[in-house]
Amino acid sequence: MDLNNKVAIVTGASKGIGRSISIFLAKQGVKVVLAARTKEKLEETQNIITSFKGTSIIVPTDISKDNEIINLFKITKKEFGRLDILINNAGTVVRGKLVDFSTNDYDKIMNVNLKGVFICCQQALKIMISQKSGFIINIGSNIVFKNYPEQGVYAASKHGIVGITKTIANEVQHYGIHTALIHPGAADTELISQARPDLGRSALIPPDDIAKTVLYMLQLSDNSWVDEIYLRRRTAKPS
Ligand SMILES: NC(=O)c1ccc[n+]([C@@H]2O[C@H](COP(=O)([O-])OP(=O)(O)OC[C@H]3O[C@@H](n4cnc5c(N)ncnc54)[C@H](OP(=O)(O)O)[C@@H]3O)[C@@H](O)[C@H]2O)c1
């Protein structure tokens, strides 16, 4: 697909992987709606995009709040009149053994990583079904192929995303809407220092590699699509 002048929402655009994806999309001429909670960090992303004359708007959004998600899609439609691409990237992690894990932390993870993705997909589909086109890429995790101690609820949220994404894929393909999953291994962001404090930074995946994977998927010809990509650290064990 030629990405020039397409419209994308990227959640979690204030730092890490979401910032890289936003910048890479904007460099291709995509108009990017930057969503996350921290306005100042979103402004940093926007300043980078503006420096190469890319187009973006900021919509501060807490993805755990349904009304804020609805507002995000309303503003996007009002500003640009359409939505071509949704990247569900916002995510959070809290470590802890399941036996002691609080229901507050359970809700915190699930409300962002799973319910947020579900509501964002619903809102995007309402626009995309009427357009009869659109792409949704959900950022999962290598945790769906492996299992790590003290990340049980995070793992459950990412397994949930797999179920939702694969179901939507079948429900909406006939409208010309395509969905996909990218499962990154450990990438060099703030999240990984909480999730895997045991890992040295030098072998981590650069967030730009995940952004390049997004571009690879979106820039395929109209006759091809990739449902799922697992991008692992080269030094990690092959699964
Ligand atoms: N880094 C890794 O190794 C790795 C591996 C596998 C999968 N992933 C996945 O990749 C995605 C991005 O993670 P990252 O590594 O880039 O982490 P990060 O650097 O910590 O960034 C997380 C992003 O999510 C946003 N976010 C968190 N809670 C939010 C909320 N309630 N509402 C809106 N935005 C929220 C943050 O923005 P605000 O704080 O400003 O709201 C931030 O922009 C996540 O889904 C994560 O699970 C990461």
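# Chat about the cores and a helix pair

Me: Which residues touch the most other members in the largest nonpolar core?
Reply: This is a predicted model. In that core of 40 residues, it's Phe73, Leu83 and Leu86.

Me: And which elements give two or more residues to it?
Reply: Several strands and helices do: β1 (7–11), β2 (31–36), β3 (56–60) and β6 (177–184), plus α3 (66–80), α4 (103–131), α5 (152–172) and α6 (190–195).

Me: Okay, which one gives the most?
Reply: That's α4, with eight residues.

Me: What is phenylalanine 73 in contact with, leaving aside neighbours within four places in sequence?
Reply: Ile9, Leu83, Leu86, Cys120, Gln123, Ala124 and Ile127.

Me: What's in the second core, and how many residues does it have?
Reply: It's separate and has 35 residues, including Ala13, Ala26, Leu34 and Ile85.

Me: Switching topic: at what angle do α1 and α7 pack?
Reply: About 45°, with the axes 8 Å apart; α1 covers residues 16–27 and α7 covers 207–218.

Me: Is the crossing left-handed or right-handed?
Reply: Right-handed for α1 and α7.

Me: Which residues meet there?
Reply: From α1, Gly16, Ile17, Ser20, Ile21, Phe24 and Leu25; from α7, Pro207, Asp208, Ile210, Ala211, Lys212, Val214, Leu215 and Leu218.

Me: How do the residues of that contact divide into nonpolar, polar and charged?
Reply: 10 nonpolar, two polar and two charged.

Definitions and conventions. Residues are numbered from 1 along each chain as its sequence is written. This is a predicted model: local features need pLDDT of at least 70, side-chain atom pairs count only at pLDDT 80 or more; totals for chains, interfaces and linings use all residues. Side-chain values use heavy atoms; hydrogens and water are left out. A nonpolar core is a set of buried Ala, Val, Leu, Ile, Met, Phe, Trp, Tyr and Cys residues joined through side-chain atoms within 4.5 Å. Buried means under 20% relative accessible area, exposed over 50%, partly exposed in between (1.4 Å probe, protein chains only). Helices (H or I, at least four residues) and strands (E, at least two) are DSSP runs, numbered from the N terminus. Contact means heavy atoms within 4.5 Å. Axes are lines fitted to C-alpha atoms, for helices over the stretch in contact, and angles run from 0 to 180 degrees between N-to-C directions. A crossing is left-handed if the near helix is turned anticlockwise from the far one by less than a right angle, and right-handed if clockwise. Ala, Val, Leu, Ile, Met, Phe, Trp, Tyr, Cys and Pro count as nonpolar, Asp, Glu, Lys and Arg as charged, and the others, Gly among them, as polar.
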